[in-house]
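Have a look at the structure first.

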Amino acid sequence: MTHVRTQTTGLRRRSILAALGGAAVAAESLSGCSVPTPPRPVPAADSAPGMAIATSNRAQLMQILAHPDDDLYFMNPDTERLLDAGVPLLSVYVSAGEHTGLNKIPGRQDHGPEDRPAYSSARHQGLRQAYATLIGLDKFSDWTKGVISLRGNRLAEINTLTNGNRRVELVFLNLPMHTSRRWMALPSLWRDRGVGVQTVVAKDSPLRKTVSYGHQGLIDVLVGLMEQYRPTVIQTLDPDPDIQHSDERTRKHDSEQPGYSDHGDHTAVACFSWAAMVRWVAEATADGGRVPGFVAQAFRGYYNRHWPKNLPPQVLEEKAKALAPYGGDPDWPCGNTAGCGDYSVSGDRPLRNSKGWVRSTHHRYLGARPVATVGRTGRLAAYGVLGLRAVRWRETVPGSGQWGAPHDLGGGPLAPALGSAVLKDGRQLLFGLRFSALGGRGAENRREIVLLEERAPGAEFRAWQGLGNPEYNDDRGRRIGVPVAVTAANGRVHLFVRTADKRISTRVRDLDGGWSGWRGLGGEEIQDGLAAVVDRAGRVHVFAAGRDTVHHWGQDSKKQDVTFRPPATGGHGVRLPTPGGPVTALPVSDGGIQLYYRQPSSPLVTSIHTDGSSEHTTATGYGPVSAASTVGGRVLLEQDLGGRPRLRTAKGALSPKRPFVTMGSPALVVTDRAPMAVGIGPNARPWTWLPQDAGQDTRQISRL
């Protein structure tokens, strides 16, 4: 039986911010009878480079969800990997998840009366059961239940459980899912001016009174939690889901907002989360303070329904196992009188659900994290995003694998993954996806591609340059993907971006540094995670995962434009097998290109030439694969089924001696020493793993 102990915890915050928070509450309570201020985007920190960045050896995960269960459906197995590594978790649930108040019991006609406080409480209990299991305890373990003080004199329920070095804190803000007019509350709170809501008090909660929230109030609360917990990893949902046009019956069946491939609550909470991150950085740096050193990760939601599934059976089983205790059972002796879980998803129902949400985990922003390069002296450099700003780390000594402090390159607020290219003279180009405006209540909400260029190889960078957006309005412009670039044999740089139509648009940089306009490349619908390469003949190619095959754009000669190459059918040429996720492309000596990817729901890596000939591989794991050519043959970098990096060479498979976690996909780097992996750890610091050879154990060089 689950027992709870009650405590009250206060939020550490500057007195001036407390005063501002209180003023915000007062302003919101008067918004219905006063003239609202003109909407404006969330103010961001100065994007100029050179700010000091706060770093720490500790790690802290914060995830922000719309509903109880969003983390289990869309963020696992990533969350579980971090918990297994001993990273403490703060999980913030914005809505009460109360819906109609009916906790439907499968197989029964009588589900009891509609009771929103009780259903919210039952879902909270399901989360306690799930997270107790995830940190290795009995599902009915004893949690500490208390009240936490938040900015603006607000309060919320907090549940805490520890097991050795594993710690989970669940904070339930409990905003309603609907307003009194039956509008969806969270999208309205983000989008509309003058909207305010009262929280739902869950049954048996130590919190006895409702709390009022407006647009600014919710952002304030999230910023206050970030300031208190100082997370090094922040996980959110997708602020800019794909455009998805379904008939009304299908849309309602899939629980999607009109026109987009996700629930409206997911999008609204993701926007609030990104706005809070932007404001946290702005507040922290306003008086010369340091940029908070955190990495962000956004996860797709109902997008999972529309694309081939990407989790192999072993990982899917692990993910579904965490959902089973969340679903619970009405006959369990859990000790919570309101209910023992969210019964409609109990047992194996998530696996049997035709929507298939549990069968995939998709990152919104794909790409190597970090971008890693080797300088002319053999010294490694790594480029990533910390505190929503571009940074550069450098090896302290060539070959040491030890990293110096991050150097701020500015440019924020940026999405978590960067694109890159190296000019013929050795100068580095970095490309980012920038949140150039992020505002609700009618304010601008805009994205753009930005460029950072070195003045000379290894030197400082020029000022950031805006490259615009291939889309014709801001709403469509929010749907674009992470920029990918490659330098052609003639020195021109080809930039590619996935568009709102799920196709590709390009800009080309000439030798004098001037850029062409955006040009759509047509073709078929694709997922993000583009692979751009130059073949041995100097021609540019780009590959992407489609719905039923790999799609290919390329040049017929170095002087021609990149164009779509339709997949071959009907016995003419080759149609490549369906990919389950991003494709890696590697030019090979015969002039062709070897592709590496996993097919849907498969742990195996498919290795196939563009002429259709395939190679056998024994690689097993999940997620994207990186590939490189070395003197000793080709090398693959992947994640094994436990989420650890693994290198495969001609000599065999190499794994690190101890398990560790990487944020996103690590970079594969080939030096004169050996191939190695460079990644970002949960403490927001880079690590280097340098395997010795296939006949020995491996060593990991890291500064964690």
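## How two helices meet

A quick definition to start: a helix axis here is a line fitted to C-alpha atoms over the stretch in contact, and angles between axes run from 0 to 180 degrees, taken between N-to-C directions. Two packed helices are described by the angle between their axes and the distance between the axes. Keep in mind that this is a predicted model.

Now for the pair itself. Helix H6 covers residues 215-229 and helix H8 covers residues 264-285; their axes come within 9 Å and cross at roughly 60°. Angles of 65 to 115 degrees would count as roughly perpendicular and those under 35 as roughly parallel, so H6 and H8 are oblique to each other. The crossing of H6 past H8 is right-handed.

Who does the touching? On the H6 side the contact is made by His-215, Gln-216, Leu-218, Ile-219, Asp-220, Leu-222, Val-223, Met-226 and Glu-227. H8 answers with Phe-272, Ser-273, Ala-275, Ala-276, Met-277, Arg-279, Trp-280 and Glu-283. Sorted by class, this H6 and H8 contact has 10 nonpolar, 3 polar and 4 charged residues.

## Two residues worth a click

Ser-205 sits in a loop, between strand E7 (196-198) and strand E8 (212-214). Is it buried or exposed? Buried means under 20% relative accessible area, and Ser-205 has 4%, so Ser-205 is buried. Glu-157 is 48 residues away from Ser-205 in sequence, yet their C-alpha atoms are 7.0 Å apart in space.

Leu-323 belongs to helix H9, which runs over residues 313-327. With a relative accessibility of 0%, Leu-323 counts as buried too. Leaving aside residues up to four places away in sequence, Leu-323 touches Leu-72, Tyr-73, Val-345, Pro-350 and Val-358. Asp-342 is 19 residues from Leu-323 along the chain, with 9.8 Å between the two C-alpha atoms.

## The whole chain

Zooming out, the protein has 11 helices and 38 strands. Its C-alpha trace spans about 70 × 55 × 50 Å along the principal axes. For 704 residues, a compact globule would have a radius of gyration near 27 Å, and the 25 Å of this protein agrees with that.

How much of the protein counts as buried? The figure is 60% of the 704 residues. As for contacts between residues at least 6 apart in sequence, 61% of them join residues at least 24 apart.

Technical notes: Residues are numbered from 1 along each chain as its sequence is written. This is a predicted model: local features need pLDDT of at least 70, side-chain atom pairs count only at pLDDT 80 or more; totals for chains, interfaces and linings use all residues. Side-chain values use heavy atoms; hydrogens and water are left out. Helices (H or I, at least four residues) and strands (E, at least two) are DSSP runs, numbered from the N terminus. Angles under 35 degrees count as roughly parallel, over 145 as roughly antiparallel, 65 to 115 as roughly perpendicular and the rest as oblique. A crossing is left-handed if the near helix is turned anticlockwise from the far one by less than a right angle, and right-handed if clockwise. Contact means heavy atoms within 4.5 Å. Ala, Val, Leu, Ile, Met, Phe, Trp, Tyr, Cys and Pro count as nonpolar, Asp, Glu, Lys and Arg as charged, and the others, Gly among them, as polar. The radius of gyration is taken over C-alpha atoms; the globule rule is 2.2 Å times the number of residues to the power 0.38. Buried means under 20% relative accessible area, exposed over 50%, partly exposed in between (1.4 Å probe, protein chains only).
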